[in-house]
Amino acid sequence: MKLVFAGTPEVAVPALDALIASGRHEVAAVVTRPDAPAGRGRRLVASPVAERAEEAGIEVLKPVKPRDEDFLARLREIGPDACPVVAYGALLPRVALDVPAHGWVNLHFSLLPAWRGAAPVQHAIMAGDEITGASTFLIEEGLDSGPVYGTVTEEIRRTDTSGDLLTRLAFAGSGLLVATMDGIEDGTLKAVPQPADGITLAPKITVENAHVDWSAPALRVDRMVRGCTPAPGAWTAFRGERLKLIHATPVPERTDLAPGELSVGKNNVYVGTGSYAVELLWLQAQGKKPMRAADWARGVRIASGERLGA
């Protein structure tokens, strides 16, 4: 089939690579978000998908909105049979959805209908799920509600961050997306409506959502830190400044600390929660680079009884 691939961040690149490498389908063009300011200089930078497509000599389309007439005219001119999508980042209007004969097929990083929305991997970790996966489905105008072509499953490991898990799903899902395109082309694959039961939502996690509540149990704090790493980053307050938490681990044997209370040893930093303590391993103070928690504690000279979140 002739394909127009839509995607923007790094997590979409493995799927683009897999479609290019399949040899069975032609990736005629790529649709991605416009260049965005990045870095200290805030200069405009192309998306990872745009950069990969340009390396491969593929036409790149960067509409401000996918209902822009110039973009729609070019899409019709290309005439794709299907448009595979991975983390494109913009809502597709009906006028665009109707262009390809086989529609727009999204690779979503959850087992639908669980975790519909922008942050399925983060929410799966924060909810304590043991299994997640990826699904391919036909995009319709509802939120991730279209019929499903196929799924792959993935275990959520005890120490997984959302970054770890998303990386594995990006590669497992790329094979699923290619297989879905193959099945659509040869007519062996039909989309199945999602069940009405088991729907959960995964809205975007904001910085405000990532504020750690030290009165919560240790396992919930651990899931919050892992689910929000690398973005948007779980955080707490210390001496009136924001402290980003990168890596922590529950310590069930430490039950002597009040919520938020710090305990510092020679090479360890513990903080109390609503159940037992967690050990802080890596963190990032405001305006600083990531560092080991023990090094941070030596630098700030924590006083007896000081707390996080105060």
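Trainee: At what angle do helix α1 and helix α6 pack, and what orientation does that give?
Mentor: Helix α1 (residues 13-22) and helix α6 (residues 162-186) have axes 8 Å apart and pack at an angle of about 40 degrees. Axes are lines fitted to C-alpha atoms, for helices over the stretch in contact, and angles run from 0 to 180 degrees between N-to-C directions. Angles under 35 degrees count as roughly parallel, over 145 as roughly antiparallel, 65 to 115 as roughly perpendicular and the rest as oblique. The pair α1 and α6 is therefore oblique.

Trainee: Before we go on, what kind of model is this?
Mentor: Residues are numbered from 1 along each chain as its sequence is written, and side-chain values use heavy atoms, leaving out hydrogens and water. Local features need pLDDT of at least 70, side-chain atom pairs count only at pLDDT 80 or more, and totals for chains, interfaces and linings use all residues, for the model is predicted.

Trainee: How is α1 oriented to α2?
Mentor: Helix α2 (residues 48-55) has its axis 9 Å from that of α1, and the two pack at an angle of about 25 degrees. That makes the pair α1 and α2 roughly parallel.

Trainee: Which residues of α2 does α1 meet?
Mentor: The contact of α1 with α2 holds five nonpolar, no polar and two charged residues. From α1 come V13, L16 and D17, and they meet, in α2, P48, V49, R52 and A53.

Trainee: What is the volume of the largest pocket?
Mentor: On a 1 Å grid over the protein atoms alone, a pocket is an open set of points where a 1.4 Å probe fits, with protein on both sides within 12 Å along at least five of seven lines; lining residues have an atom within 4 Å of a point. Grid points are joined across faces, edges and corners, and a volume is the space filled by probe spheres set on the points. For the largest pocket, that volume is about 1100 Å³.

Trainee: Which residues are closest to the centre of the largest pocket?
Mentor: Its lining divides into 21 nonpolar, seven polar and four charged residues. Of the 32 lining residues, the closest to the centre are A87, Y88, G89, G117 and A118.

Trainee: Which helix gives the most to the lining of the second largest pocket?
Mentor: This pocket has a volume of about 170 Å³, and its lining has three nonpolar, one polar and seven charged residues. Helices (H or I, at least four residues) and strands (E, at least two) are DSSP runs, numbered from the N terminus. With four residues, the most is given by helix α7 (residues 218-227).

Trainee: Where is the residue joined to L112 by a cis peptide bond?
Mentor: The cis peptide bond joins L112 and P113, with omega about 15 degrees. P113 is found in the loop between β7 and α5.

How values were computed: Nonpolar A, V, L, I, M, F, W, Y, C, P; charged D, E, K, R; others polar. Contact = heavy atoms within 4.5 Å.
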